[in-house]
Amino acid sequence: MTNTDLGLEVIPRLERSKSRDGLIFVIAMWFLSRSIIAIGMQVIAPLVCKEPPVYNWPVLGLVSGFLPKSGWELFSHWDGKWYTQIAHLGYSYANDGQQHSVAFYPLFPLLIRGLMTLGMRADAAGVLINSLAFLAALVLVYFWVEERYDAGAAKWTTAVLAWCPFSLFCTVMYTEGLFLFLTASALRAFERGEYIWAAFWGALTTATRGPGVALIPTFLLTAWREKRPPLAYAAGFASAIGFFSFILYCAINLEDPLAFIHIQKAWVQPTWLEIFKEFFSFSLYAATKVGMVFGGCYLLWYLRKRLSITILCFGFCSLALLVTSGALQSVERYAYGIVPLSIGVGLLLAARPRWGYGLMGLFGIFLLRFSVRFASWLWVA
């Protein structure tokens with residue numbers, strides 16, 4: 001009797017083959033979608049943009065008469081200029097009603113600064129960090145969803161994350177890719193009972209973006225609901241380390257512990273009343289905000305019996321934070337960063353693949369359009 005007869009070789013080979021196929025799928029989704037972005041920004045935008053953008057308010061980094069030319073600079077518009085400034089000069093703050101860089105959390109510019117010490121330019125470093133973190137997030141989410149459901153759900157979830165038009169911000173000099181990787185890592189570790197790792201990833205998350213604090217109530221509520229050990233509660237409190245470290249930095253260096261919150265008033269934001277008025281006027285811009293936030297709430301409720309307590313809590317806590325925070329100018333982009341929403345859409349499309357193919361085609365068109373707009377210094381989200 002051979003090892004094959006006993007099943008000692010066949011099963012491992014099948015598992016390795018399955019893992020390899022999944023990894024190939026993820027890399028393909030990442031590479032193809034990022035290629036669309038690169039073509040839109042580096043090829044199409046310089047060809048079609050003939051009129052420089054004009055704004056009636058100062059936009060950091062926008063030069064008069066700007067027209068896109070192929071290069072790294074096109075990846076660093078809008079918030080990318082703030083991260084570049086922080087990486088080069090550190091934080092600035094004054095309670096003068098003007099915009100200052102303290103509005104942006106520290107982990108991403110710290111990582112950029114680290115690569116700059118190796119000789120890399122800031123915009124290239126930001127793109128590299130965000131893009132590779134996004135690839136790592138796709139790999140992590142794929143195998144996480146496959147473990148909980150099946151390969152079909154994992155593939156559709158990966159496709160949604162990779163091809164959603166707002167995935168543009170997982171390649172340009174923003175924090176979306178890094179945020180997705182850190183939150184997915186923290187949630188998966190907590191689900192698996194790996195509380196030290198959950199605390200580690202959670203602390204990095206709250207040092208990356210404000211919405212990361214949704215991990216804290218998520219871990220505490222889940223620990224209470226599922227009667228988990230004390231270490232689970234400790235992971236919830238430890239996740240706040242990144243957030244409170246930023247508070248401590250602001251208190252010591254800027255003499256205002258909540259400087260990063262107080263400065264937010266310098267950015268003009270729409271209200272929900274204004275958004276709903278535009279929504280009922282058939283504005284696609286407003287419909288996207290309403291659909292992703294309130295549609296996301298309904299999606300989580302609809303799938304409440306299929307999603308774990310951890311995923312549900314994080315989804316609802318994150319959406320509640322978005323609804324009440326007042327930072328609505330980019331609320332659809334923040335909603336994209338809530339990984340439970342993509343998992344929910346992936347589950348739906350796995351049961352209705354024909355809808356999925358059509359949706360991915362539509363996503364690809366808008367991803368290309370968003371890429372051209374971003375490179376041309378036109379507002380996206």
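Residues are numbered from 1 along each chain as its sequence is written. The model is predicted, so local features need pLDDT of at least 70 and side-chain atom pairs count only at pLDDT 80 or more, while totals for chains, interfaces and linings use all residues; side-chain values use heavy atoms, with hydrogens and water left out.

**Salt bridges**

Side chains of opposite charge can pair when their charged atoms come close. A salt bridge here is a side-chain nitrogen of Lys or Arg within 4 Å of a carboxyl oxygen of Asp or Glu. The whole structure holds 11 salt bridges, including those in the table.

| Glu 73 | Lys 81 | 3.2 Å |

Glu 176 is in helix α6 (residues 176-191) and Arg 209 in the loop between α7 (195-206) and α8, so their pairing ties together parts 33 residues apart in sequence. Helices are DSSP runs (H or I, at least four residues), numbered from the N terminus. Glu 176 and Arg 209 are both buried, where buried means under 20% relative accessible area, exposed over 50%, and partly exposed in between (1.4 Å probe, protein chains only). Asp 79, Glu 176, Arg 209 and Arg 333 are linked in a network of salt bridges.

Glu 332 and Lys 289 are both buried. In the remaining pair of the table, Glu 73 counts as partly exposed because its relative accessibility is 26%, and Lys 81 as buried because its value is 16%.

**Helix crossing**

The axes of helix α2 (residues 79-89) and helix α3 (residues 107-116) come within 9 Å and cross at roughly 60°. The crossing of α2 and α3 is right-handed.

**Positive phi**

Most residues other than glycine have a negative phi. Lys 227 has a positive phi near 55° and lies in the loop between α8 (215-225) and α9 (230-238). Phe 282 has a positive phi of about 65° and sits in the loop between α12 (272-279) and α13 (284-302). Lys 227 counts as exposed because its relative accessibility is 74%; Phe 282 is exposed at 77%.

**End of helix α1**

Val 48 is found in helix α1 (residues 10-48). Its relative accessibility is 51%, so Val 48 counts as exposed.

Definitions and conventions: Helix = DSSP H or I, 4+ residues; strand = E, 2+ residues; numbered from the N terminus. Axes fitted to C-alpha atoms, helices over the stretch in contact; angles between N-to-C directions. Left-handed = near helix turned anticlockwise from the far one by under 90°.
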